[in-house]
Amino acid sequence: MYKYSLDKSSKKFICPNCSKKKYVKYVDNESNAYLEDGSGRCDNDSSCKHHQYPNKNCVISEFIKPIITRQASTLQSDLLVLCSRNFNENNLIQFLKIYFSEEAVQSVILKYRLGTSKHWLGSTIFWQIDPQNKIMTGKVMLFNIKTGKRVKTPFNHIHWVHKLLKLEDYVLQQCLFGLHLINESPKKGIAIVESEKTALIMSLFLPDYIWMATGSKSNFKKEMLLPLKNHPILAYPDKSEYDDWNKIALELQKEGFKIRSSRYIEDKDVSVGTDLADIYLESRTNNSIKVQKQLTKTEIEVNRLAKINPAIINLIKTFDLLDNEHNEMNID
C-alpha cells in the first residue's frame, strides 16, 4: 500500500487549473487526512487533465490496516436444561455404564453438563462453556453403543449446535471442553487430552485432576490454553502426536505457562491414534477377565497338590483330565 492515495469518497474541490469543482485530493492512508500541499487530480480529464502528485509517495509495507474483530456469539443457557434428558437413549452414556457404576456415570453427566441430541438417535452434546458460564457452542457426536468409538460411516457424525439452530452470523469462538470446571476446583492440576470422551473417562479414573479436552489436535494452541496460564497443565497427546504438542508446550513455557507434555502414551507399544482412555479401559477389561477366570475348588486343590508333586501336572495334561464338572482345569 502507498502512503498517499486519491480520496475514494465523492467529495470534490475547486480545481486550481480549470476552477471547476472536480478536484479530488490526495489523503494520507495512515491518518486519513488530506495533504496540506493541495496535491490532487482533476476529474475533468477531457479538457483539464491537471494532476499534482504528492511528494515522496513511497510504499509503506509496515502499514497494516486495523483488523476489525467481532464479539463472540453465545448460546442461550436454557439449552442445557432442554437437552439434559433421554440419557437412556444416549449411546455414549450407555457405553460408560459397561465400565462404571450408575452413580459414577451420573456424576460425570452433571459435572460436564452433557446433553442428548435428537439430530442423530443416541448422539451426545459436548457443551463448550467458558469460566463465566457462557455457552460458546455445543458439539454433537454419535458413538457406537457397544465399542464407544465414533461413528464415521457412511460419514463422520459430527455437527455443531449453532448450525443446527441455523443461527445467522454466528461468530464461533471455541473454548476447551470442561473449561468451566476451573472455577469449581481452582487448586487441582489440569490435564489436557484431545477427545471429549477421553476427558469424561479419565475424570472417572483419575479424579484428582481437572480433565479438559481440545476437541481436535489443532486446538492445542495458545488461544485455547490462555485461560489456564496460571495453572499447572499436563498434556496427554494421542499416540504419534507427542512431537507436535510438545513443541507447542515448550513455546508456551517461554511465555510463562506452567505446561508440559507427557510421553506416557508415546512410549507405549500401541497403535497410532491410541489415547489415554483406550489404555485405561483396556486395563480394566483385562482385570475383569482375570476376575471372571477365578479358580474352582478342584483347581485350587490340584494346584496345591502340584506344588508338592509337579508330576501331577504332566498326568493331567497327558490324559486330559477334567474337574468334577467335566471342565478343563487351569493349572498354574
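# Exercises on a predicted model

At 15% relative accessibility, Cys83 counts as buried. The model you are looking at is predicted, and the exercises below walk you through it.

**Exercise 1. Decide whether Cys15 and Cys83 are buried or exposed, and state how many disulfides the structure holds.**

Step 1. Recall the cut-off: a residue is buried when its relative accessible area is under 20%.
Step 2. Cys83 has a relative accessibility of 15%, so this cysteine is buried.
Step 3. Cys15 has a relative accessible area of 1%, so Cys15 is buried too.
Step 4. Now turn to the disulfides. A disulfide covalently bonds the sulfur atoms of two cysteines. The count for this structure is zero.

**Exercise 2. Describe the protein chain as a whole: its secondary structure, its buried share and its contacts.**

Step 1. Start with the secondary structure, which comes to 10 helices and 12 strands.
Step 2. Next, take the burial: the chain has 332 residues, and 41% of them count as buried.
Step 3. Finally, consider contacts with a separation of 6 or more. Of these, 58% are between residues 24 or more positions apart.

**Exercise 3. Find the surroundings of His162 and His180.**

Step 1. Locate both residues. His162 belongs to helix α4, which covers residues 161–164. His180 sits in the loop between α4 and β9 (189–193).
Step 2. Check their burial. His162 has 6% relative accessibility and is therefore buried; His180, at 2%, is therefore buried as well.
Step 3. Look for polar partners. The side chain of His162 makes a polar contact with the side chain of Thr137, at 2.9 Å. For His180, a polar side-chain atom lies 3.0 Å from the backbone oxygen of Lys111.
Step 4. His162 touches residues including Leu75, Leu167, Tyr170 and Leu172. Among the residues that His180 touches are Tyr112, Arg113, Ile129 and Asp130.

**Exercise 4. Work out what lines the largest pocket and which element gives the most to that lining.**

Step 1. Begin with the space inside: the largest pocket holds about 430 Å³.
Step 2. Its lining is made of 20 residues, and Arg150, Lys152, Ser195, Asp238 and Asp275 lie nearest the centre.
Step 3. Sort the lining by residue kind: 11 are charged, five polar and four nonpolar.
Step 4. Turn to the elements. At least two lining residues come from each of β7 (135–141) and α5 (196–205). The most come from α5, which supplies three.

Key: Residues are numbered from 1 along each chain as its sequence is written. This is a predicted model: local features need pLDDT of at least 70, side-chain atom pairs count only at pLDDT 80 or more; totals for chains, interfaces and linings use all residues. Side-chain values use heavy atoms; hydrogens and water are left out. A disulfide is a pair of cysteine sulfur atoms within 2.5 Å. Buried means under 20% relative accessible area, exposed over 50%, partly exposed in between (1.4 Å probe, protein chains only). On a 1 Å grid over the protein atoms alone, a cavity is a set of points where a 1.4 Å probe fits but cannot get out, and a pocket is an open set with protein on both sides within 12 Å along at least five of seven lines; lining residues have an atom within 4 Å of a point. Grid points are joined across faces, edges and corners, and a volume is the space filled by probe spheres set on the points. Helices (H or I, at least four residues) and strands (E, at least two) are DSSP runs, numbered from the N terminus. Ala, Val, Leu, Ile, Met, Phe, Trp, Tyr, Cys and Pro count as nonpolar, Asp, Glu, Lys and Arg as charged, and the others, Gly among them, as polar. A polar contact is a pair of N or O atoms within 3.5 Å; within protein, one must be able to donate a hydrogen and the other to accept it, and residues adjacent in sequence count only if both atoms are side-chain atoms. Contact means heavy atoms within 4.5 Å. Lists of a residue's contacts leave out its neighbours within four places in sequence.
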